[in-house]
Amino acid sequence: MQEHKLYINGEYTDSTSGDWIDIVNPSNGEVISRIPDGTKEDAEKAIEAAYAAQKEWEQVPSFKRGKIVRQIGDEIEKIREKMITLLSEEQGKPYEQSSAEVDLAIDYFRYMSEWARRIEGEVIQSDRPNENIFLHKRPIGVVGGIVPWNFPVFIFARKVATALIAGCSIVLKPSQQTPNTAAELTKIIDKLDLPKGVFNMITGTGSTIGNALASSPKVGMITMTGSTGAGTKVMEAAAQNITKVNLELGGKAPAIVTKHADLDLAVENITASRITNAGQACTNAERVYVHESVAEEFTQKLAAAFNKVKVGDAVKDRDAQMGPLVSEDRLKTVEEALEKAIQAGAKVAAGGNRPEGLTGGFYLRPTVLTNVTDDMDIMKEETFGPVLPVATFSDLDDAIRKANDSIYGLSSSVYTNDYNEAMYVSNQLRFGETFVNRENFEAIQGYHAGMRQSGLGGADGKHGLEDYLVTQVVYMQYKTDLK
């Protein structure tokens with residue numbers, strides 16, 4: 001069994017605690033590795049290293065930073081199959097989904113490297129004569145990056161690649177449930193021509209490491225992907241120093257299926273959205289509103305599609321379409337939410353129980369619920385598991401109102417072949433992302449951001465990079481008499 005170490009100031013080191021956290025394979029419940037249970041002291045050492053390296057790193061020409069970021073992607077590609085296996089083992093994604101995530105991470109490093117020569121400022125007119133106003137884009141400083149367990153490879157890439165391109169040093173905290181891939185990626189970075197202290201990795205609990213990062217006066221920004229509750233704690237800690245926060249938090253994504261929808265397309269994409277990562281993605285379709293005239297046909301097709309999903313061991317079964325949930329606690333939480341909905345009157349149209357023949361892991365069959373009402377928790381609270389409630393509507397405006405009636409505002413979707421409906425609904429929905437006739441997953445050149453309690457700031461593309469930059473204004477007066 002492998003034991004990992006912390007990575008601080010270009011060196012591998014033990015934690016000052018001497019304590020360990022076991023990492024469990026969710027497909028079989030077996031312990032596969034151990035990580036140091038890092039302390040506040042460990043985090044402070046990493047922050048100091050990053051802070052000391054910041055000045056040197058931001059003065060490195062951007063094209064050189066771009067070469068290094070691209071090299072990380074190239075090196076990941078060389079160990080692609082190993083990364084896929086590590087991801088499936090620690091997180092529970094089946095092969096196809098793990099390979100897609102690893103490939104996306106490779107692509108992300110390469111894509112973000114291309115921004116090295118595209119960070120631009122402005123020169124604007126002054127109200128005064130003989131003066132120019134220069135707007136310079138500068139790195140925000142040390143970045144504290146907190147990575148979740150549901151997409152540990154891709155979001156590692158999203159935070160690290162963007163920070164490095166922006167000229168920021170970074171202290172990264174992987175999830176205590178899925179650190180093995182981060183440890184492997186750290187090995188790649190350790191071999192590169194990167195100044196010591198620019199990249200640091202600290203393992204441990206969010207309450208300890210996350211709080212230390214968020215409360216440090218030497219951290220310029222905290223970027224965290226996780227639950228709304230965790231995001232609230234990060235904001236509270238960051239408020240001590242007015243530290244900038246970049247938060248991607250929870251979601252309760254609605255999918256509206258109108259009477260003009262291609263039902264087969266809707267079923268295909270909603271199913272893909274819901275079973276991806278066993279429903280453990282903040283952008284996944286979490287609730288469906290289908291027009292009453294097509295509700296019966298749609299629900300039958302959806303239930304049939306869910307029943308056909310092959311649930312299996314993420315590592316051993318290459319044909320599995322959905323793996324286990326990430327932990328026993330997560331499985332129990334989803335089962336409790338499911339049981340509560342059933343007790344409130346919801347009907348199970350597909351799934352609803354653990355699959356037969358799979359023991360030791362944390363499996364649940366993908367589940368469709370009908371006969372749900374708006375006041376049920378299953379329609380309001382993020383489930384984060386493969387359970388999908390389906391409600392009906394007769395009036396499109398009412399469906400839009402119900403979709404928007406949420407504390408969350410991350411992603412949404414609409415299925416219709418009527419162009420006017422598509423435009424109308426997408427303009428009425430109050431979510432950071434709306435997907436029309438496709439599955440819920442963002443493009444890296446877009447902008448991934450939420451509204452309301454789904455977060456602050458965003459990621460990806462030009463606007464995501466700008467979150468890691470600050471604007472410095474220089475007022476430059478000059479003389480005209482040059483004799």
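This is a predicted model: local features need pLDDT of at least 70, side-chain atom pairs count only at pLDDT 80 or more; totals for chains, interfaces and linings use all residues.

Two packed helices are described by the angle between their axes and the distance between the axes. For helix 1 and helix 7 (residues 206–215), the axes come within 9 Å and cross at roughly 40°. Angles under 35 degrees count as roughly parallel and those from 65 to 115 as roughly perpendicular, and helix 1 and helix 7 are therefore oblique to each other. On the helix 1 side, K40, A43 and I47 take part in the contact, and they meet T208, I209, A212 and L213 of helix 7.

How far apart are the end C-alpha atoms of helix 1? They are 26 Å apart. The 19 residues of helix 1 (residues 40–58) should span 27 Å at 1.5 Å a residue, so the two values agree. Helix 1 also bends by about 30° at A52. Its buried residues are D42, A43, A46, I47, A49, A50, A53, Q54 and W57. An α-helix has 3.6 residues a turn, so residues three or four places apart point the same way.

A second pair is helix 3 (residues 80–91) and helix 6 (residues 180–190). Their axes come within 8 Å and cross at roughly 155°. Angles over 145 degrees count as roughly antiparallel, and helix 3 and helix 6 are therefore roughly antiparallel to each other. The contact is made by K82, M83, L86, L87 and E90 of helix 3, together with N180, T181, E184 and L185 of helix 6.

The two pairs are set out below.

| Helix pair | Axes come within | Crossing angle |
|---|---|---|
| Helix 1 and helix 7 | 9 Å | roughly 40° |
| Helix 3 and helix 6 | 8 Å | roughly 155° |

Next come the two single residues. I84 lies in helix 3. Is I84 buried or exposed? Its relative accessible area is 1%, so I84 is buried. Leaving aside neighbours within four places in sequence, I84 is in contact with Y95, S98, S99 and V102. The C-alpha atoms of I84 and E56 are separated by 34 Å, and these residues are 28 apart along the chain.

F298 is found in helix 10 (residues 295–308). With a relative accessible area of 0%, F298 is buried. Not counting residues up to four places away in sequence, F298 touches V257, L263, A266, V267, I270, V288, V290 and V390. One of these, L263, is 35 residues from F298 along the chain, and their C-alpha atoms are separated by 6.1 Å.

Key
Residues are numbered from 1 along each chain as its sequence is written. Side-chain values use heavy atoms; hydrogens and water are left out. Helices (H or I, at least four residues) and strands (E, at least two) are DSSP runs, numbered from the N terminus. The expected span of a helix is 1.5 Å times one less than its number of residues. The bend at a residue is the angle between axes fitted to the seven residues ending there and the seven starting there. Buried means under 20% relative accessible area, exposed over 50%, partly exposed in between (1.4 Å probe, protein chains only). Axes are lines fitted to C-alpha atoms, for helices over the stretch in contact, and angles run from 0 to 180 degrees between N-to-C directions. Contact means heavy atoms within 4.5 Å.
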